[in-house]
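Colleague: I am new to this structure. Please show me the model, and then I will start asking.

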Amino acid sequence: PADIDPNLEGDDLSSSESFERVVLGYHYSPSETFDNHLRLAYGHSREDDALGQQLAVDITTHRLDLRDTARHELAPGFALSYGLDAALVFFDAYVSAPVLPKEGEPEEFDLSELVTTRQTARRLSPALFAELELAPFAGLQLFPGLRADYFGGVRAWSIQPRINARLLVSDSFAAKAGFGWFTQEPSDDELNPDVGNPSLDAETAIHASVGAEYHPWPRATVD
């Protein structure tokens, strides 16, 4: 095992984590051609860690999530789903620790170069989405969609088109494919002015996938 870093002072070690989450849901379906799903969730988490006289992590987070999805069946083989996603996050963080390595970097820590940061923030990140369900002929399903996200951390909108397709080749075999634009906001530590860069933009990527489903017998699926 590695030697203890001589820069570490003190022999106290404490660590505690707690998490609570409450979820409420409501389903409204007044007819066979329309239904609505509403989901509201609240979560609270607390992490409090300390090692020696230098290392400390104290993070408290409150998060409120709302998702509302409606689906209209407009005609046989033609439906529209749309809705709203929204997240309101409040966090208070105090960290005194070496800068953590990113993915692909050596996992080395230098306790002689500690970074201390204190950050309190409130971020609202709403999103709108819509998706069509099309069946132009028997066995083929197309799902073109569009999602618009506002990222509170970088204060910017992102428009993300996507499409998925599923072709039923036989009663037991289906081919499927997907293509789309996806965006992800930088993490809180990457936007932190002490250890990251608050001027970062959201990360974008284009994803494409091809797959198949096979049902060798009832209630069994190979995907």
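**From the surface inwards**

Colleague: Is Arg 219 buried or exposed?
Modeller: The relative accessible area of Arg 219 is 92%. Buried means under 20%, exposed over 50% and partly exposed in between, with a 1.4 Å probe and protein chains only. By that scale Arg 219 is exposed.

Colleague: Before we go on, what is left out of the side-chain values?
Modeller: This is a predicted model: local features need pLDDT of at least 70, side-chain atom pairs count only at pLDDT 80 or more, and totals for chains, interfaces and linings use all residues. Residues are numbered from 1 along each chain as its sequence is written, and side-chain values use heavy atoms, leaving out hydrogens and water.

Colleague: What is the phi of Arg 219?
Modeller: Arg 219 sits in the segment after strand 9 (203-214). Strands (E, at least two residues) and helices (H or I, at least four) are DSSP runs, numbered from the N terminus. Most residues other than glycine have a negative phi. Arg 219 is not a glycine, yet its phi is positive, at about 70°.

Colleague: Where is Arg 155, which also has a positive phi?
Modeller: Arg 155 is not a glycine either, and its phi is about 55°. At 70% relative accessibility, Arg 155 is exposed. Its place is in the loop between strand 6 (140-151) and strand 7 (156-168).

Colleague: How many aromatic pairs are there, and how are the planes set: stacked, edge-to-face or tilted?
Modeller: Rings of Phe, Tyr and Trp (its six-membered ring) pair if their centres lie within 6.5 Å; planes under 30 degrees apart are stacked, over 60 edge-to-face, and the rest tilted. A search of the whole structure finds one pair. Tyr 150 and Trp 157 have ring centres 5.4 Å apart and planes at 55°, so the pair is tilted.

Colleague: How many salt bridges are counted?
Modeller: A salt bridge is a side-chain nitrogen of Lys or Arg within 4 Å of a carboxyl oxygen of Asp or Glu. One of them links Asp 48 and Arg 46, with the closest N and O atoms 3.6 Å apart. Asp 48 is partly exposed at 29%, and Arg 46 is partly exposed at 31%. By this rule the count is 12.

Colleague: How far apart in sequence are the parts tied together by Asp 188 and Arg 123?
Modeller: The side chains of Asp 188 and Arg 123 meet in a salt bridge of 2.4 Å, N to O. Asp 188 lies in helix 1 (residues 188-191) and Arg 123 in strand 5 (residues 114-134), so the tied parts are 65 residues apart.

Colleague: Which residues share one salt-bridge network?
Modeller: Start with Asp 149 and Arg 147, whose closest N and O atoms are 2.7 Å apart in a salt bridge. Both Asp 149 and Arg 147 are buried. Salt bridges with shared partners make one network of Arg 67, Asp 85, Arg 147 and Asp 149.

Colleague: Which residue makes a side-chain polar contact with Thr 183?
Modeller: Thr 183 is in strand 8 (residues 173-184), and at 14% it counts as buried. A polar contact is a pair of N or O atoms within 3.5 Å; within protein, one must be able to donate a hydrogen and the other to accept it, and residues adjacent in sequence count only if both atoms are side-chain atoms. At 2.6 Å, the partner of Thr 183 is Ser 158.

Colleague: Which side chain does His 44 join in a polar contact?
Modeller: His 44 lies in strand 2. At a relative accessible area of 18%, His 44 is buried. The contact spans 2.7 Å, and the partner is Glu 20.

Colleague: Which residues does His 44 touch?
Modeller: Contact means heavy atoms within 4.5 Å. Residues up to four places away in sequence are not counted, which leaves Ser 18, Phe 19, Glu 20, Thr 60, Thr 61 and His 62.
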